[in-house]
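Open the model in your viewer and keep the selection tool at hand.

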Amino acid sequence: MIELLFTLLVGLFLLLGLFLGSYFKKHKWFIDLSVGLAFGVMSLLLFKEILPHAYMHLNENISNGGLAVLIIGVLIGFISLSLLDKLVPHHEHESHHSHKHKNDDCHNEHLMHVGLLSSIAIVIHNIIEGMTLYVTAMHDIHAGLLLVLAVGLHNIPLGIVISSTINNKKDLVINSVILSISTFVGGLIMFILSGMINECIIGILLAITCGMLLYIILLELLPQILNTKKKKNMLIGILVGIILIILTTLFHHHH
């Protein structure tokens, strides 16, 4: 039940981002800080927690092929998230071309289309994310908690972007509910299938998780950090993220 609770917490982060976006749309510092936090937490989480655990599971359960399966799993996670990301229009791209709209009605219709596509893609992504989060937490509560923090911090700016494309309050509420429970749905699927999961499958799913995290770090978060002229808030976020990982790790070892 703790694993399912974690999937609910991730959904709350996205929900928080959706509603904060309604109030902080014009405050770029807030998004920059969230991006920096997510980058710092995810980077340490990937290389310090998830990747070593995935290799350990696969190496102990697959004779002379653990590393190959690990690499394949990472590639599957990376490519699958890349394909899902194709459904999510980039907010900067949308803003850059907004001058092409001839009138406000056309512009609002475009925003609604962007919001719909983004919501569909994020629901699919969150279900997969909930499945991998559940497996991670089932193997190691500490790693699961860190993954909740990392994914949650990444979901805050994502929710802000989504909220900026949905102007109708009723549509925003409906999308908020669906998006916030989609990660839980993924965890629930894994809960139902938990009796069919062995150590090898856990290793494969952890490897897929590594690929997904690697994609987010390299192709979503890092470009935002490099392309931002004022990097102060992002650097503060990265530093705070690293400190959070160190503190939670020390707490875990002490416990």
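**Whole chain**

Of the 255 residues in the chain, 47% are buried. This is a predicted model, so treat each stop as a description of a computed structure.

Colour the chain by secondary structure. Read from the N terminus, the order of elements is α-α-α-α-α-α-α-α-α.

The accessible surface comes to about 13,300 Å², and carbon and sulfur atoms hold 71% of it. Contacts can be viewed by sequence separation too: of those between residues at least 6 apart, 88% join residues at least 24 apart.

**The largest nonpolar core**

Hide the surface and select Met42, Leu45, Ile50, Leu153, Leu213 and Leu221. Within the largest nonpolar core, which has 51 residues, these six touch the most other members. Now show the helices that each supply at least two residues of this core: H1 (2-24), H2 (28-61), H3 (66-85), H5, H6, H8 and H9 (232-254). Which helix gives the most to this core? Helix H8 does, with 13 residues.

Zoom in on Ile50. Leaving aside residues up to four places away in sequence, Ile50 touches Leu45, Thr136, Ala143, Leu206, Thr209, Cys210 and Leu213. Leu45 and Leu213 were also in the previous selection, among the core residues that touch the most other members.

Helices H5 (104-139), H6 (141-163) and H8 (199-227) each give two or more residues to the lining. How many lining residues are nonpolar, polar and charged? The lining divides into seven nonpolar, three polar and one charged.

The volume of this cavity is about 70 Å³. A search for others of 30 Å³ or more ends here, as the structure holds one cavity of that size.

**Gly211**

Stay on helix H8 and select Gly211, which is placed in that helix. Is Gly211 buried or exposed? Gly211 has a relative accessible area of 0%, so the residue counts as buried, the cut-off being under 20%.

Show the neighbours of Gly211. Not counting residues up to four places away in sequence, Gly211 touches Val74, Gly77 and Phe78. For a last stop, draw a C-alpha to C-alpha distance from Gly211 to Leu81: the two are 8.3 Å apart in space and 130 residues apart in sequence.

Notes
Residues numbered from 1 in each chain as written. Predicted model: local features only at pLDDT ≥ 70, side-chain atom pairs only at ≥ 80, totals over all residues. Heavy atoms only, no water. 1 Å grid on protein atoms, 1.4 Å probe; cavity = no way out; pocket = protein on both sides within 12 Å on 5 of 7 lines; lining within 4 Å. Points joined across faces, edges and corners; volume = space filled by probe spheres on them. Helix = DSSP H or I, 4+ residues; strand = E, 2+ residues; numbered from the N terminus. Nonpolar A, V, L, I, M, F, W, Y, C, P; charged D, E, K, R; others polar. Buried < 20%, exposed > 50% of the residue type's maximum accessible area, 1.4 Å probe, protein only. Contact = heavy atoms within 4.5 Å. Areas by Shrake-Rupley, 256 points an atom, 1.4 Å probe, with all protein chains shown as cover. Core = buried A, V, L, I, M, F, W, Y, C linked by side-chain atoms within 4.5 Å.
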